[in-house]
Amino acid sequence: MMRGHVDTLTTGGFAEGWAFDSAEPDRILTVRLFGPEEEELALGLAHLYRADLAEARYRHGWCAFRLRLSRDPAGLSGQRLSLREAESGNELHASADLPLRERPALDLCASVEAVISQDPTVLRNLQHLCGCGDLLAGFVARHGAAEFVRTAHAYVLARTADGASQARYERMLRGGAVTPFGLLLLLAETEEFRAQPRLLASPADPGFVFAG
Amino acid sequence: MNLFGPSLLVSIPGSQLEALTLPGSLFEWRDLRDAVLAPELRTALNLLVQEAVARRTALRFVARPEIFTHGASRAWLDARLGDTSDHLALTDGHTLRTIPGLRNHVFFYARGLARPEAALRRLLGVAPELLTGMASQVNGALAVRLCGRSIRPPAVMLRFASAPVGEPGLRVPFALPVRDADRAGKACAEAAVEAPDAPPSGRPLHYVPLSEAALADDAFTAALAGLVQRCALANGPECLLLGLPALEGEDAGPAQAIAAVLRALAATGATLPRARSWGVRFATATPDAGELAGGRITLHPTTDFWRFAPTLFEAAQEIRIAGGGSLASFRALFSGWLGREVTSTRLRPSATGCAA
């Protein structure tokens, strides 16, 4: 079932909310926001991370959106706005009572760091995978603990696991001493990773290795 | 006894806290969920969290509950407890910490592991009064005698709603090619295959989940050795699936677990098959309920049965408890948990089969 919600409009000119399809949790929804005259106000992907969505287990926490509005949000106050899934046109949420929050527009992307910080396909903090427990457990169920350990090493450390680490982490995973996400955290806490942290693909990246 | 009110305070053994980075003395499940924990503790926590979510009970965890017995520290805790009136102590048998003024409950989650079992027996032998203050025990039948009275906190039954998602596990054919159990275990483990790739049994399955404590029960291992002998034959009555025991220690893998089983079986003096036999096979993970359709399950009374989903037991045609000691309390507990009567067989050291 597709679900979605527009939480707020911001003074910076954005509509913020979330949307996902519980029947296809791996699918990233494209959403459109329509105004009272059926005019399209915004279009974009619901693929940003939000901690509260991870807590609520909505698409692993990666289903928030922040859509740039084509009109001044102040002028939309009190008007009925409709959020729809772009492909099917299904209405996910409609409201004439959206709050307008004081929130500036995005920072200008004046540096590589700034660009990366606003790129949803790049993970800025491994903790942002905390809602991916089911996704990672599904990977283990499909491919086995050994393959997960290999993939986790490639994902976090960009190398194959040495024999001892492979065996040790396999045992821990099979025995239940650590969760699949906990194993990723263990690898990210190693001196090797901390000395040279890498940019990791997020679940919003089509190349996210643990996706179903 | 209603353990699951609006909120529940939970404590875990202090030994598990050493490696954790916690935000404070009171913490949330998310601070614990992905940390490295003893596997048995993780299973118990998963069960508890699942039940709490279903009953909309807010869980909070307290580190080192022994600090909060009185004085300023207790006042600090009381100021943060809100409507919490129950404390569940998850214990590994080494310690059992209660919090005065709260209704205390206990969950001994490490049944089947030799050292925790022994530690709990020792603890309750030295301080039996610990159980008198317990309002209930989760999935347990702990009892002590104190001043001529038998004290057994009432049991609270918790069950997994569904089988946990995990890899299908490995299947390993039985063999004892050499006398040295460690070498034999290693040799066996090399023949492991993914569960779906194992040869079909062609006979009803008889699943026996093993534990360290079960392997220390002479009567049980003698009976099991007899069963291994019969099932290893080409025309054996059933296919024996031995669930490998959880062993304490991070380095315990399938080879070590198989070695522990072989060592216990060899100690019975029974002649065991030297050649590989798929009539008897080891399993590193719980089988699917579908595999057990029409089959049997034999449980030793030290089995932490609650880690299995009830669907596993529903699939089996027959469930039996077998062991060398008293089975009455375990049978009553397990029957209550399962919701139907289960037969039991008290084994003598001379017994020759679990089906005896």
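In chain B, B:H105 stands opposite B:S136, a residue of strand 6. The model that contains this pair is predicted: local features need pLDDT of at least 70, side-chain atom pairs count only at pLDDT 80 or more, and totals for chains, interfaces and linings use all residues. Residues are numbered from 1 along each chain as its sequence is written, while chains are lettered from A and ligands numbered from 1 in the order in which they are written. Helices (H or I, at least four residues) and strands (E, at least two) are DSSP runs, numbered from the N terminus.

**Domains of chain B**

- Chain B consists of domain 1 (7-156) and domain 2 (170-346); such bounds come from an automatic or database domain assignment.
- The centres of domain 1 and domain 2 of chain B, taken over C-alpha atoms, are separated by 30 Å.
- Between these domains of chain B, 14 residues of domain 1 are in contact with 17 residues of domain 2, where contact requires that the C-beta atoms, placed from the backbone, lie within 7 Å.
- On the side of domain 1 of chain B that touches domain 2, the elements giving two or more residues are helix 1 (39-54) and helix 3 (114-126) of chain B.
- Helix 1 of chain B supplies the largest share of that side, 4 residues.
- By class, the side of domain 1 of chain B that touches domain 2 has 7 nonpolar, 3 polar and 4 charged residues; Ala, Val, Leu, Ile, Met, Phe, Trp, Tyr, Cys and Pro count as nonpolar, Asp, Glu, Lys and Arg as charged, and the others, Gly among them, as polar.

**The seven-strand sheet of chain B**

- In chain B, 7 strands form an open sheet with mixed pairing, in the order 2-3-1-4-5-6-9; two strands pair if DSSP finds at least two bridges between them.
- Strand 2 (26-27) and strand 9 (155-156) of chain B stand at the edges with a single partner strand each, so one side of each has no neighbour in the sheet.
- Strand 5 (residues 103-108) and strand 6 (residues 134-138) of chain B run parallel and are joined by 3 bridges.
- Strand 1 (residues 7-11) and strand 3 (residues 58-62) of chain B also run parallel, joined by 4 bridges; the bridge partner of B:S7 in strand 3 is B:A58.
- Strand 2 and strand 3 of chain B pair in the antiparallel sense over 2 bridges, and B:L26 stands opposite B:V62 of strand 3.

**The eight-strand sheet of chain B**

- A further open sheet of chain B has 8 strands in the order 11-10-14-13-12-15-16-17, with mixed pairing.
- Strand 11 (193-194) and strand 17 (343-346) of chain B are at the edges, each with a single partner strand, so one side of each is left without a neighbour in the sheet.
- Strand 10 (residues 170-174) and strand 14 (residues 277-283) of chain B run antiparallel and are joined by 4 bridges, with B:R171 opposite B:A283 of strand 14.
- Helix 7 (residues 218-232) of chain B packs on the sheet and touches strand 10, strand 12 (205-209), strand 13 (239-243), strand 14 and strand 16 (318-323) of chain B.
- The direction of helix 7 of chain B makes about 135° with that of strand 14 of chain B; axes are lines fitted to C-alpha atoms, for helices over the stretch in contact, and angles run from 0 to 180 degrees between N-to-C directions.

**A helix pair of chain B**

- The axes of helix 5 (residues 181-189) and helix 8 (residues 254-266) of chain B come within 7 Å and cross at roughly 130°.
- Helix 5 and helix 8 of chain B are therefore oblique to each other (angles under 35 degrees count as roughly parallel, over 145 as roughly antiparallel, 65 to 115 as roughly perpendicular and the rest as oblique).
- The residues making the contact include B:A181 and B:D182 of helix 5 of chain B and B:P254 and B:A255 of helix 8 of chain B.
- By class, this contact of helix 5 with helix 8 of chain B has 10 nonpolar, 2 polar and 3 charged residues.

- The domain assignment of chain A gives domain 1 (2-106) and domain 2 (122-201), whose C-alpha centres lie 32 Å apart.
- In chain A, 5 residues of domain 1 are in contact with 5 residues of domain 2.
- The contact between the chains takes 17 residues from chain A and 16 residues from chain B.
- On the side of chain A that touches chain B, helix 3 (133-143), helix 5 (163-175) and helix 6 (180-188) of chain A are the elements giving two or more residues.

Notes. Two residues are in contact if their C-beta atoms, placed from the backbone, lie within 7 Å.
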